[in-house]
Amino acid sequence: DDIFVRTRIQQLSGVRIQFAYEVFRRGEMKPLVTGSTHHAWVNKEMKPVRVDRRFPELYQILTEAAQD
């Protein structure tokens with residue numbers, strides 16, 4: 001079967017991002033399955049990083065993408 005995964009940003013903060021997923025069989029409108037993942041922005045030492053302060057350009061792009 002051909003499938004595709006629709007991914008979107010569900011939540012965004014300075015230290016976290018959550019993605020939502022929907023998996024579809026090509027040509028069908030009802031998702032086969034849905035899910036989400038939560039991620040945190042961290043540095044090499046695995047300490048939280050505020051991406052909105054450290055990388056404001058990236059954060060702006062993500063903010064705009066989350067509104068689509």
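Tutor: Happy to. Contact here means heavy atoms within 4.5 Å. The model is a predicted one, where local features need pLDDT of at least 70 and side-chain atom pairs count only at pLDDT 80 or more, while totals for chains, interfaces and linings use all residues. Residues are numbered from 1 along each chain as its sequence is written, and side-chain values use heavy atoms, with hydrogens and water left out.

Let's start at Gln-18, which is found in strand β2 (strands are DSSP runs of E with at least two residues, helices are H or I runs of at least four, and both are numbered from the N terminus). Leaving aside residues up to four places away in sequence, Gln-18 touches Arg-8, Ile-9, Gln-10, Gln-11, Ser-36, Thr-37 and His-38. With 10% relative accessibility, Gln-18 counts as buried (buried means under 20% relative accessible area, exposed over 50%, partly exposed in between, with a 1.4 Å probe and protein chains only).

Thr-37, another contact of Gln-18, is 28 residues from Ile-9 in sequence, and their C-alpha atoms are 9.9 Å apart in space.

Now for the sheet around these residues. It is an open sheet of 3 strands in the order β1-β2-β3, with antiparallel pairing (two strands pair if DSSP finds at least two bridges between them). β1 (3-12) and β3 (33-40) stand at the edges with a single partner strand each, so one side of each has no neighbour in the sheet. From one strand to the next, the twist averages 20°. Helix α2, residues 56-67, packs on the sheet and touches β1 and β2, with its direction at about 115° to that of β1 (axes are lines fitted to C-alpha atoms, for helices over the stretch in contact, and angles run from 0 to 180 degrees between N-to-C directions).

How do the individual strands meet? β1 and β2 (residues 16-25) run antiparallel and are joined by 9 bridges, and the two form a hairpin with 3 residues between them. Along this pairing, Thr-7 stands opposite Tyr-21 in β2, and Arg-8 opposite Ala-20 in β2. On to the next pair: 8 bridges join β2 to β3, again antiparallel, and here Ile-17 stands opposite His-39 in β3.

A search of the whole structure finds 1 aromatic pair (rings of Phe, Tyr and Trp, the last by its six-membered ring, pair if their centres lie within 6.5 Å; planes under 30 degrees apart count as stacked, over 60 as edge-to-face and the rest as tilted). The partners are Phe-4 and Phe-24, stacked at 5.1 Å centre to centre with 15° between the planes. Phe-4 lies in strand β1 and Phe-24 in strand β2, so the pair ties together parts that are 20 residues apart in sequence.

Finally, let's step back to the chain as a whole. It has 2 helices and 3 strands, which follow the pattern β-β-β-α-α along the sequence. Its C-alpha trace spans about 40 × 25 × 15 Å along the principal axes. Among contacts with a separation of 6 or more, 28% come from residues 24 or more positions apart.
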